Amino acid sequence: MKQKSPVFKLFAYIFLGLFALMNLVPIFWMIINSFKSEQEYAAHPFAMPTGIHLSNYTKAWDIANMDTYFINSFLITFISLIVTVFLGSLAAFFLSRFEFKLRGFTYALFLLGMLVPIHATLIPIFLIMQKLSLIDTYMSLILPYTAFHLSLTVFILEGFMRGFPKDMEESGIMDGAGIFRIFWSIILPLTRPAMATVVILNFIYNWNEYLFALVLVTSNNLKTLPLGLSNFVGLETANYTLQMAALTIAFIPIIIFYLLLQKQLVTGMTAGAVKG
Amino acid sequence: MHTLKRSKLAIFIGLFPALVIYLGIAIVPIGISFYYSLMDWNGIGSKSFVGFDNYVRMFQDDTFWLSVKNNLLIMVTGLIGQLPLGLVMALLLNKALKGSGFFRTVGFMPVVISSVMVSLIWGMMYNTEYGMLNNLLKFVGLESWQQNWLGDPKWSILSISAAYIWQNVGLYMVMLLAALQNISEEVNEAAELDGATGLRRTWFITLPMIRTTLMVTIVYSISNSFRVFDLIQVLTGGGPAHQTEVMTIHMYNSAFVNLDYGYGSAVSIMILLFSLVVITIANRLGKEKA
């Protein structure tokens with residue numbers, strides 16, 4: 001690469017710097033003020049906090065039921081993720097490694113889901129869940145999370161498995177292994193890289209989901225983190241620093257997750273967007 | 001692939017569970033939505049068939065048209081705000097400047113956090129009395145610029161757009177950056193030999209090279225804009241006085257607040273149609289160009 005002119009560099013850094021500031025300032029503002037008392041915030045919203053007051057954090061953790069929300073989000077996210085990836089990889093295996101009459105049709109059917117806005121299905125899903133008495137259960141969220149992420153999961157995994165050479169299964173057949181054995185011990189281990197993408201995508205989508213939770217869960221004990229947070233903020237409208245503490249609590253785990261898995265997350269979400 | 005031909009039962013067992021959940025929850029409800037859209041129904045009493053009355057009502061409803069207008073506004077501001085900014089960021093990050101990793105990490109961060117979190121953070125920034133924005137204006141002596149960002153109909157939808165753009169620029173940035181990094185070094189060298197440098201090279205060589213990705217980002221940005229829900233629901237709930245309602249919010253309010261399931265379903269079918277029309281047009285255009 002040739003040297004860039006200093007003028008270009010200066011402008012580039014100014015632009016990049018402004019952009020970074022736009023992204024960081026709201027977050028810093030939230031974190032810094034979460035350590036202040038309500039009065040201190042009202043008087044000096046831009047000053048650094050006089051001390052590290054953790055009282056907002058203990059209070060937010062207690063009254064906002066953050067622990068309940070975290071546990072709910074965690075369980076729902078992971079159960080949906082495991083079911084989606086398991087069923088999706090099984091379906092992808094048969095779609096990619098077998099020939100049968102309705103293969104093309106079934107595959108196209110799975111892809112169709114990526115075009116459907118969830119809003120077009122929301123009312124029937126609510127009424128179905130009501131009829132099955134599943135409102136206010138983990139199941140009411142696990143089912144739609146699974147159903148709506150199967151498309152992308154099947155798409156990514158099918159594409160990956162299709163790339164394996166044709167005689168991949170030969171050795172398994174020689175050993176007399178059954179079809180599911182071959183799936184489990186030959187194909188699945190080879191699919192690991194694509195699996196990582198799919199797991200991360202499912203995790204982040206499920207963890208952040210709001211609309212289904214809003215409609216299908218009313219009991220405070222079953223709320224997920226996004227739903228619980230938005231309710232909490234709606235109730236504590238007068239306590240800004242308390243809200244900020246609650247938000248920071250929810251922000252920290254996801255940002256750690258992001259920083260640790262940044263590469264996979266960025267490529268995964270880009271792929272998800274391009275295909276979705 | 002042919003090695004495993006005789007296995008119909010296994011194929012059935014393997015596909016069945018995924019298909020049942022997927023069809024039952026993601027596909028069949030679309031049909032049910034359409035069926036409900038022909039009914040007058042409050043969810044509890046009996047349904048009565050009313051034909052296309054709900055659709056007629058919808059087309060005569062000013063609130064519905066307001067929500068369509070807001071959707072279009074978010075679409076346009078989204079296109080104008082997200083793509084050029086994302087593109088410039090991607091072009092700069094592609095220059096391998098020092099620290100570009102940091103800028104990419106920071107740029108993509110809003111994409112990873114939930115829209116609820118984004119809305120809550122922006123809600124606090126927009127707060128009239130205690131928000132960062134108005135405080136900042138006071139701090140620099142521009143008190144006359146202070147606004148009721150979310151409560152004033154003049155500003156509310158624009159305020160939402162700003163938060164929406166903030167949330168999504170990073171996604172387009174990395175999509176475009178990935179495309180830029182795929183351009184081979186030879187192309188750039190050839191361009192240089194021909195004397196194409198700087199802006200000229202960007203315009204005549206780089207951008208045409210990533211045309212497909214540019215199209216994808218445009219389509220994605222448009223179809224995304226019709227799916228906005230969380231951000232508005234949390235920031236304003238569609239208020240003040242329906243001023244920030246988009247179709248998804250209009251659907252939600254009709255069905256789950258006013259318990260008018262028939263009408264809500266009609267709106268949801270419109271959301272589906274809008275999405276499909278946009279995607280079809282985009283595909284057509286994409287094919288023509290390619």
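1. Confidence. Chain B of this predicted model has an average pLDDT of 87, and 96% of its residues score at least 70. For the model, ipTM is 0.89 and pTM is 0.90. Where pLDDT is low, predicted coordinates should not be read in detail.

2. Helix pair in chain B. Two packed helices are described by the angle between their axes and the distance between the axes. For helix α3 (residues 62-93) and helix α7 (residues 153-181) of chain B, the axes come within 6 Å and the crossing angle is roughly 40 degrees. An angle under 35 degrees would count as roughly parallel, and 65 to 115 as roughly perpendicular; α3(B) and α7(B) are therefore oblique to each other. Their crossing is right-handed. In the contact of α3(B) with α7(B), 18 residues are nonpolar and 8 are polar, with no charged residues.

3. Cis peptide bond. Most peptide bonds are trans. The bond from B:Gly239 to B:Pro240 is cis, and its omega is near -10 degrees. B:Pro240 sits in the loop between α11 (230-235) and α12 (247-257) of chain B.

4. Positive phi values. Most residues other than glycine have a negative phi. In B:Ala241, phi is positive, near 50 degrees; in B:His242, phi is also positive, near 65 degrees. B:Ala241 belongs to the loop between α11 and α12 of chain B, and B:His242 is placed in the loop between α11 and α12 as well.

5. B:Ala241 counts as exposed because it has 11 C-beta neighbours inside 10 Å, where the cut-off for exposed is 12 or fewer. B:His242 has 17 such neighbours inside 10 Å and so counts as partly exposed; a residue would need 20 or more to be buried.

6. An unreviewed UniProt entry gives the annotation "transmembrane region" for residues 12-32, 69-95, 107-129, 141-161, 182-205 and 240-261 of chain A. The first point to check against the model is residues 12-32 of chain A, where the chain is 100% helix and 0% strand. The end C-alpha atoms of residues 12-32 lie 29 Å apart. Residues 141-161 of chain A are likewise 100% helix and 0% strand, with 29 Å between the end C-alpha atoms.

Conventions. Residues are numbered from 1 along each chain as its sequence is written. Chains are lettered from A and ligands numbered from 1 in the order in which they are written. This is a predicted model: local features need pLDDT of at least 70, side-chain atom pairs count only at pLDDT 80 or more; totals for chains, interfaces and linings use all residues. Axes are lines fitted to C-alpha atoms, for helices over the stretch in contact, and angles run from 0 to 180 degrees between N-to-C directions. Helices (H or I, at least four residues) and strands (E, at least two) are DSSP runs, numbered from the N terminus. Angles under 35 degrees count as roughly parallel, over 145 as roughly antiparallel, 65 to 115 as roughly perpendicular and the rest as oblique. A crossing is left-handed if the near helix is turned anticlockwise from the far one by less than a right angle, and right-handed if clockwise. Ala, Val, Leu, Ile, Met, Phe, Trp, Tyr, Cys and Pro count as nonpolar, Asp, Glu, Lys and Arg as charged, and the others, Gly among them, as polar. UniProt positions are given in the numbering used here, feature names are shortened, and annotations may be inferred rather than shown by experiment. pLDDT is the predictor's confidence in each residue, from 0 to 100.
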